[in-house]
Amino acid sequence: MANQRTRFVIQPFRQNHQMDEEYATTTWQTLREAIHEIHRQNASGLSFEELYRNAYNMVLHKYGEKLYSGLVDTITEHLRSIAAEIAEANDDILFLKELKKKWEEHKLSSIMIRDILMYMDRTYVVQQKKTPVYDRSLQIFRDEVCRNPRIKDRLLGLLLELIQRERMGEMIDRSLMKTFSGMFVELGRDVYSRDFEAPFLAASTTFYQAESQEYILQNSASDYMKHAEVRLHEEAERVRHYLDSTTELKIKEIAERELIAKHMKTLAEMENSGIVTMIEDSKIAELSRAYGLFKRVTQPTPGLGIIRELMAANVKRVGMELVKDEERNRDPVLYVQGLLQLRAKYEKVITNAFLSDKQFYNSLNQAFESFINVNQHSPEYISLFVDDQLRKGLKGTSEEEMDNILEEVVMLFRYLQEKDVFEKYYKQHLAKRLLGGRSISDDAERSMIAKLKHECGYQFTSKLEGMFNDMKLSADTQEGFKQSLGGSSKVGGIELMVHVLTTGFWPTQLGAKCSLPPEITRCCDVFKEHYLRQHSGRRLQWQPNMGNADLKAKFSTRKHEINVSTYQMCILLLFNTTDTMSYEDIVNATSIPVADLKRALQSLACAKFKVLNKEPKGRDVDDTDSFSFNADFTCKQLRFKVATVSAQKETETEKQETRHKVDEDRKPQIEAAIVRIMKSRKEMEHNALISEVTTQLTARFVPHPNFIKKRIESLIEREFLERDASNWRKYKYLA
Amino acid sequence: MLAADPTLKQTVVQAQASARARNSMDPIKLIASDDSEIILDRRAAMVSGTIKNMLSGAPCDGSQFTESQQGEVKFKEMNAATLEKVVQYFYYKLRHTNHVGPLPEFKIEPEAALELLMAANYLDT
């Protein structure tokens, strides 16, 4: 009724009649009786209005203190007798049930008492800063009943025993448990945590400590983890069903610590069933469980870190064996397939069991990087694998499958530190495929290039793309050549097909020269004339090491068409005039480089198609051997191809050559990087410069510090840089 | 019932109307010191914290006071006029709770003010 608008003076409130002490005592007596009735659950005969009015009058007439202390005494007295009654119960279940009943009754009567004494709560309690009636009533219950020495320990013991029994698989009265945990909470958070939660957590720790130690000794890791998972789930359920939600984190932490964190090492390394074994056997379900469990642990060491390390170690070990495996090192395709399979296996594990965890992928990648680069041949082998796939391996596979394979290879490529070495080899192999017309699918070639471009940028693939461009231009040139000769590209009965290759794009060898037979030389001259007429100022240089030729040969039984390399053609044409030639004669007549000549002769005389006879017979070509035309040669096919005997793999000398070329190519790249950096920084310490250069170049290769140092020295000599006069280790950029 | 008093009659009509309107068959009877009675909607009576406490409590066990069982409350120290004004206020409050804008005036005669103040204190309104 505060909406008083009319202004008027409130008269000082005067008490009509003073309540005397005696009247107050009588009024209290009435109230006390009523409170007793309420405690006896027998309020139906009481008039709320009357009791309220009595309390109101007492408080109004300054007997609040008498009312409040009288109330406290009455409740205390009542609860003392209740506590004694409860403690009498012999049977434990009866004891709990009785306590539960009394607690519920007490809550109810406390509400009723609070209601009739509401006026006191509103005025006296607020003014005197006392505890409100209901809260005070619960406090008394806490002190007189819950913390009664005959009740407290017995109650706690029984509750813990019930929980223990539930853990052992018994069914217990959960609603009873819920009442008591609720009771502790209602009596105050501190009561819950001190009188119940702390002992409960301590008991849980002991229980799980003992249980986990015993269980892990008797069971396999996967069984143990199953059990741990069940236990953790149970604890969460327990909290949900009858404990306070604040306990959840605490018990979870304890269970996780005792069940998992303390046993992670054991679980990981357990023989025949530990996580190591699971990874090896790709046990997805078990690993998935392990992931879930270990993920919970973050202290003291993150659980997932352990699994990750194990996985990485495992990958490294298997990978290391693989890259050092002699058998695989003999067959690049097998080698790369091994790598791909290894990666696929772990990728499957990570995707299916480890929820595609990014960090696991990172570890896997790091592991691969570490061992792939141990084997120096990795770039070459990967390129050879692609070569194999693009020559024949992909035949009959759909575009999608092919794309997947290439995608996986690019993944391996990503691990390579010496990407420029790969580029070198890839260029060589690609050149062979393009010139020999061996590539089965132009689309596949281009998609591979696109992937590499995506991976390393335009620079990396510009030369490779230039090669494709040359091929296209050559086709046009060939057409023009044909037109100029009047519709046929035959010169003196020899059909000439020319690929014009741009220097720098292709892995051309400068030293590759040989004296071509006169009829061929004539052809070449015709073409050269035609080409230079169109493109004046260019220089054409023949690359006999890269060409091939179709020959018609007459043997004693029948004619054959033979496809051979340019070198082999030169040799075979020699036998048009003579039947027998010594090795030395051939060298003089053709001037083919020794290694290439030996290989060409070997493939003609010692391989599948023995067009020539060698004297003496044997697998290898010696300087003293002599060769003769094998007129008795027979073959079922009309056309056949004499494959050049070349281990697809490089020989040691070639390898060193490639290596040397790679190193030469690196020099300008390193120098360019140094100059770029110094130009922007002007001054730099030696170590900082080295690390900056390394970071800039890692996309292509990892330069050796010594190598960089040499480049710096060279740049100083050429006066791009100078050493600081005062600090020997500091460089300055000279504009 | 004080049928002669027009305002009280109005109050009762109001009570019955609102009870019907809310489809609430839950009237409460308030009795003044001279035994005159006012019947009103339970929700209106609940505006008073004291009456609310009297009437709440779980049904069908020993936790109900007589008032709650019988649905009537006797105020031995409150006269009919004051009680009537109080009930009027209950409806006034009920109608204008959550009201936006200026409120209509609730008229109180100066001579009744003291009695009403005491009643308000008593009823926790």
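Q: How exposed is Arg317(A), going by its relative accessible area?
A: Arg317(A) is partly exposed, with a relative accessible area of 40%. Keep in mind that this is a predicted model.

Q: Which residue does Arg317(A) form a salt bridge with?
A: Look for a side-chain nitrogen of Lys or Arg within 4 Å of a carboxyl oxygen of Asp or Glu. Here the partner is Glu280(A), with the closest N and O atoms 2.8 Å apart. Arg317(A) sits in helix α16 and Glu280(A) in helix α14 of chain A, so the bridge ties together parts 37 residues apart in sequence. Glu280(A) is partly exposed too, at 31% relative accessibility.

Q: Is Arg289(A) buried or exposed?
A: Buried: its relative accessible area is 19%, and the cut-off for that label is under 20%. Arg289(A) pairs with Glu229(A) in a salt bridge, 3.1 Å between the closest N and O atoms. Glu229(A) belongs to helix α11 and Arg289(A) to helix α15 of chain A, so parts 60 residues apart in sequence are tied together. Glu229(A), at 36% relative accessibility, counts as partly exposed.

Q: What about Arg154(A) and Asp92(A), where do they lie in chain A?
A: Their side chains meet in a salt bridge, at 3.3 Å from N to O. Arg154(A) is in helix α8 and Asp92(A) in helix α4, 62 residues apart.

Q: How many salt bridges turn up over all chains?
A: A search of the whole structure gives 62.

Definitions and conventions: Residues are numbered from 1 along each chain as its sequence is written. Chains are lettered from A and ligands numbered from 1 in the order in which they are written. This is a predicted model: local features need pLDDT of at least 70, side-chain atom pairs count only at pLDDT 80 or more; totals for chains, interfaces and linings use all residues. Side-chain values use heavy atoms; hydrogens and water are left out. Helices (H or I, at least four residues) and strands (E, at least two) are DSSP runs, numbered from the N terminus. Buried means under 20% relative accessible area, exposed over 50%, partly exposed in between (1.4 Å probe, protein chains only).
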